[in-house]
Amino acid sequence: MKYFLICLFLNTCLFSVKAQQTGNAGKWRYQALVHAGLVTGSSTITITAQTVQGIQKNNWLTGIGVGYDNYGIPGVPIVLHGQKAFTQKDNKPFVYVQSGVQIPVKTGSWNDKGWMGTSNYDLKTGFIGEVGGGYTIAAGKKHNHAFLFNAGYSYKFNKATYTELAWPPYLSSLPPQGYNEYNIEKQEYHYRRIVLRVGWMF
């Protein structure tokens, strides 16, 4: 949660300064984008999808993004998204940054709902951040929609706490009733990836 609050504060400061600089040069308007693509790192290639709902003024866009990230520990990223285009033309390059929380999805081999033999683990909400650039190609009669292409570098971080009964297996197959001594181990998972996406802005 602390990562999300820090990102919220920085994002608010950034766009407050920009709004003061531009004054009434443009009007804020609703902007949304939906995009999907591939995530690749040192171990595998998986899919990712995201929607961003926000507001745009001149060449600046800020909003909140929600998606699905299946790389490593599957999760639902909830991020603050900031984006800036380099020109007012219909077709234009842009840069973006986003960061927020990574909520793990407990499924498949990462399902920790119950005890598995004599051990269990608990996945923790983590951090996710991304920075990159892309290009938009205007579409529609009023050129108020656009195709979107982007590439970026992403970092994802999660923690897990493993709990195991501290009962020597050579004494018996099962510990005696009421035995409640445990070994606790904490693990950290760091994922560094390249992200490629295509999408639609409207």
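The following conversation goes through some features of a predicted model.

Colleague: What is the overall make-up of the protein, read along the sequence?

Modeller: The protein has 1 helix and 8 strands, and along the sequence these follow the pattern α-β-β-β-β-β-β-β-β.

Colleague: What makes strand S1 and strand S2 a pair?

Modeller: Two strands pair if at least two bridges are found between them, and strand S1 (residues 29-40) and strand S2 (residues 45-57) are joined in the antiparallel sense over 12 bridges, so they count as paired. Within this pairing, His-35 stands opposite Gln-50 in S2, and a hairpin of 4 residues links S1 to S2.

Colleague: How do you know that S2 also pairs with strand S3?

Modeller: The requirement is at least two bridges, and 10 bridges join S2 to strand S3 (residues 60-69), the two running antiparallel, so this too is a pair by that definition. Gln-53 stands opposite Ile-64 in S3, while the hairpin between S2 and S3 has 2 residues between the strands, with Asn-58 in the turn showing a positive phi of about 55 degrees.

Colleague: Why is Gln-83 called buried?

Modeller: Gln-83, which is found in strand S4 (residues 75-85), has a relative accessibility of 8%, and because buried means under 20%, Gln-83 counts as buried.

Colleague: What makes the link between the side chains of Gln-83 and His-81 a polar contact?

Modeller: The side chain of Gln-83 reaches the side chain of His-81 at 2.9 Å, and a polar contact calls for N or O atoms within 3.5 Å, one able to donate a hydrogen and the other to accept it, so the pair is counted as a polar contact.

Terms used. Residues numbered from 1 in each chain as written. Predicted model: local features only at pLDDT ≥ 70, side-chain atom pairs only at ≥ 80, totals over all residues. Heavy atoms only, no water. Buried < 20%, exposed > 50% of the residue type's maximum accessible area, 1.4 Å probe, protein only.
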